[in-house]
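Subject: Structure handover

Hi,

Here is the structure I promised you. Please open it first, then read my notes below.

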There are 2 protein chains.
Amino acid sequence: MSATRSPLIGGPAATVLAASIARRYYLEGATKSAIADEFGLSRFKVARLLEQARASGLVRIELHYDGDIDLDLSTRLRDRYGLRRCLVSDSTATDDVALRAGLGRTAADLLSEIVTATDVVGLAWSRTLLSMRSALRSLAPCTVVQLTGALSRPGVDESSIELVRDVARIAGGAGYWFYAPMILSEPSSVRSLLAQSEVARAFERFGALTVAMLSIGAWDPTQSTVAAAIGEAEYAELARLGVCAEMGGIQLDVDGRPVRTPLSERNVGIDAERLRAVPEIIVTAYGRAKARAVRAAIRGGLVTSLVTHASLAEELLRIA
Amino acid sequence: MSATRSPLIGGPAATVLAASIARRYYLEGATKSAIADEFGLSRFKVARLLEQARASGLVRIELHYDGDIDLDLSTRLRDRYGLRRCLVSDSTATDDVALRAGLGRTAADLLSEIVTATDVVGLAWSRTLLSMRSALRSLAPCTVVQLTGALSRPGVDESSIELVRDVARIAGGAGYWFYAPMILSEPSSVRSLLAQSEVARAFERFGALTVAMLSIGAWDPTQSTVAAAIGEAEYAELARLGVCAEMGGIQLDVDGRPVRTPLSERNVGIDAERLRAVPEIIVTAYGRAKARAVRAAIRGGLVTSLVTHASLAEELLRIA
DNA sequence: GGTTATGCTGCTCAAATGAGCGGTCAACAT
DNA sequence: ATGTTGACCGCTCATTTGAGCAGCATAACC
């Protein structure tokens, strides 16, 4: 009963006829009416033969793409989470450096693609964005703004602090950057830092941002760069308060709501409210373990476009 | 400058968008308008993206067929020679028995496909048609008529004479057959044979034929079954008169015109005029060497459908 | 032998589609 | 500044296409 895949439709002559018509229609772009005239058939007959040709598998339409993006995962993830855009690298690398390099390249391509000269682009500090900078070849002459202080650790290249300056140079537009750590020891230090002209000039631009680019971290002491900066005790305390994810110095609970903590007072960077107001928020994340953190950020409305890799994407679909 | 095969159209985001749209359109059958609404685009934009997707190779449409018919050769040969139908078996067999078996199967499928109960089917004598009979599984209850006498040789199965009777049995329709050789030694013998009721009853049907099935032979003493029947001397004499092909006892020159010869008077079978009047003339031929003979028969209007194999088809295209 | 299914064919009409046109915007050269 | 150019976008209108329907033939079944 079920004709699963029987290429021979009715007989050899019918098959040859169907193939000829399919060639004229699909490959040579002839209209059905023209084909009907050529073969002495009604255009309805032609339409039916074409339907049969597709149903029988004689005409095969497939999406073929051999870049480094998994189109299927990208689409499914985008639709499942209601994102505007989603780019899933099909990298199977397991080491963080290679993953960051892949995501950085994809993020760079995305930025080049969507940014115009009228955009104001904000960049948080993250090692993935440092990879992005390395892969960035050209960018419309937009304005580039630093969103957060830096989280340097011993062993990280000193020049990494130059992220915003370098991107602004590549773009050929104005850049607003400053030299400051992301986390200070005292709230008062933050206040005095914000009084500095360099920092203040950057912060003043936050309201004008049209694109923001950040990375997501899980609130997991073995994974986080932040944990190293604040110490395990405070880190664990925040986890008890429900912190699940971290993004540009903002702590989020499992539903993406920003968690106000003592740490918030010592953080140098954009706040959740002003970030959420940015029309296009591009977020990178890698590592299957960050799935819940990413889901939290999306729930909180802090992600419009996601750049990630296959295994994390699959985990996100699993827990969606 | 020349983007030969760059799947990445404008950037990763554009590629994902194009892929999503292509999937909705080509794979899920959504209309362009519906897609435009879903993605917040105009339907023109959708149309352009789909065009780009096809041009860039992201959407690939191919005709895939894994039967034993070469669809491409079939179509090209049909179009080049203006045939109604053409079936080219992709058999690469070199021995005649295997070639005949393949063509016989294809011819049987074709006959089953196109014959209805109202048809009157004429069958000439040929070893390919004997293979056809062996492969024939079912046939509408048509009338079957013998078109020619038989050309038996020592070593050929005696039961081969039963061709028309067997096909009529498979069809479950009326059959008009007779036992007679194709070539007699004297014209007078032909006249007395035609007076026989069995033979006369078959010949009376020739005007009602709707389908005729024959095979083509080259006029080449090393190839022809006829040569064995009439002797090399007369055979060579006819070659000097311009005979190039043979088909159901009819000799044709290089342009397919019937050549009247002394042999014509001694031949038992349908004549060229009445054969040409048959609306559907299915012809089988195998062996690259018969290309010119086949071309002659087509030129003479004595072929509406051709059943052959790849190497002969290629040769026919070469000399077309 | 009549009568009901069944399938195939081509028609109508509304929806979908493609070609071409003018409008808008940005970049660039006067 | 200002005109020019080119690219992009969405509209209109003629054409193409698809869904459903009636006619007709054949097949199947009392």
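In strand β4 of chain A, A:Val144 is the bridge partner of A:Val121. A:Val121 belongs to a pairing in which β3(A) (residues 120–123) and β4(A) (residues 143–146) run parallel, joined by four bridges. Two strands count as paired if DSSP finds at least two bridges between them. Strands are DSSP runs (E, at least two residues), helices likewise (H or I, at least four), numbered from the N terminus.

This is a predicted model: local features need pLDDT of at least 70, side-chain atom pairs count only at pLDDT 80 or more, and totals for chains, interfaces and linings use all residues. Residues are numbered from 1 along each chain as its sequence is written, while chains are lettered from A and ligands numbered from 1 in the order written.

Between β3(A) and β4(A) the chain passes through helix α6 (residues 127–135), a right-handed β-α-β crossover. Right-handed means that, with the strands pointing away from the viewer, the path from the first strand over the helix to the second runs clockwise.

β4(A) also pairs in parallel with β5(A) (residues 175–176), over two bridges. There, A:Val144 stands opposite A:Gly175.

Which way do the β4(A) residues point? A:Thr143 and A:Val145 go one way, A:Val144 and A:Gln146 the other, and all are buried (20 or more other C-beta atoms within 10 Å of their own, C-beta atoms being placed from the backbone).

Best wishes

Technical notes:
Buried ≥ 20, exposed ≤ 12 C-beta atoms within 10 Å, placed from the backbone.
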